[in-house]
Amino acid sequence: MKRLVYLWAAVVAVSVSLIGTAGGADLPKSGSFNIHSGWKAVGEVTKLSDDHLYGFGSFWGVTYNDAGSGPLHAGPVVCPYTLEIIKGAGTSQGSCAWGDAEGDRIFTSWSGSLTPAGELDGMNQITGGTGKFKASRARPLSSARR
């Protein structure tokens with residue numbers, strides 16, 4: 001369970017900053033925005049041996065744009081994940097659907113390495129979107145590395 005808390009902290013670190021290019025009437029064609037989220041995690045970890053764990057679950061949360069308005073402000077986020085830890089280090093991967101108050105979404109896929117300290121080093125890649133975040137209305141979406 002302690003590793004699940006570490007993974008939660010890692011996902012928060014990965015998702016603290018999303019850099020995106022998006023189209024829409026009220027969004028610039030490029031730029032960046034910073035967000036923070038509150039999370040709830042539901043998951044299960046199975047001990048395969050003394051030094052081998054496997055886990056899965058989902059994080060649910062609400063995202064707030066640091067500017068107090070704008071992209072993804074007051075929107076829902078859900079991120080299913082899997083993880084594998086061998087001798088204190090391992091890997092984790094998952095997907096996220098980030099929303100805004102109008103119901104438009106940004107989709108991401110992330111993966112990374114978990115350190116014994118519980119940190120995640122990896123990439124949160126934007127894979128698509130809907131509404132004002134739809135890639136066909138803008139140049140390709142980029143992502144943030146944490």
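Asp104 is buried, with a relative accessible area of 16% (buried means under 20% relative accessible area, exposed over 50%, and partly exposed in between, with a 1.4 Å probe and protein chains only). The model is predicted, so local features need pLDDT of at least 70 and side-chain atom pairs count only at pLDDT 80 or more, while totals for chains, interfaces and linings use all residues. Residues are numbered from 1 along each chain as its sequence is written, and side-chain values use heavy atoms, with hydrogens and water left out.

The side chain of Asp104 meets that of Lys132 in a salt bridge, at 2.8 Å from N to O (a salt bridge is a side-chain nitrogen of Lys or Arg within 4 Å of a carboxyl oxygen of Asp or Glu). This pair links distant parts of the chain, 28 residues apart: Asp104 is in the loop between strand 5 and strand 6, and Lys132 is in the loop between strand 7 and strand 8. Strands, like helices, are DSSP runs numbered from the N terminus (E, at least two residues, for strands; H or I, at least four, for helices).

Lys132 also forms a salt bridge with Glu102, in which the closest N and O atoms are 3.2 Å apart. Glu102 lies in the loop between strand 5 (89–99) and strand 6 (105–114), and Lys132 in the loop between strand 7 (120–129) and strand 8 (144–145), so this pair ties together parts that are 30 residues apart in sequence. Lys132 is buried at 12% relative accessible area, whereas Glu102 is exposed at 60%. Asp100, Glu102, Asp104 and Lys132 are linked in a network of salt bridges.

A search of the whole structure finds 4 salt bridges. One of the salt bridges joins Lys47 and Asp50, with a distance of 3.7 Å between the closest N and O atoms. Lys47 is exposed, its relative accessible area being 56%, and Asp50 is likewise exposed at 75%.

Strand 5 and strand 6 pair in the antiparallel sense over 10 bridges, where pairing requires that DSSP finds at least two bridges between two strands. Thr91 has Ser113 of strand 6 as its bridge partner. The hairpin of strand 5 and strand 6 has 5 residues between the strands, and Gly103 there takes a positive phi near 95°.

Strand 6 and strand 7 run antiparallel and are joined by 9 bridges. Ser109 stands opposite Gln125 in strand 7.
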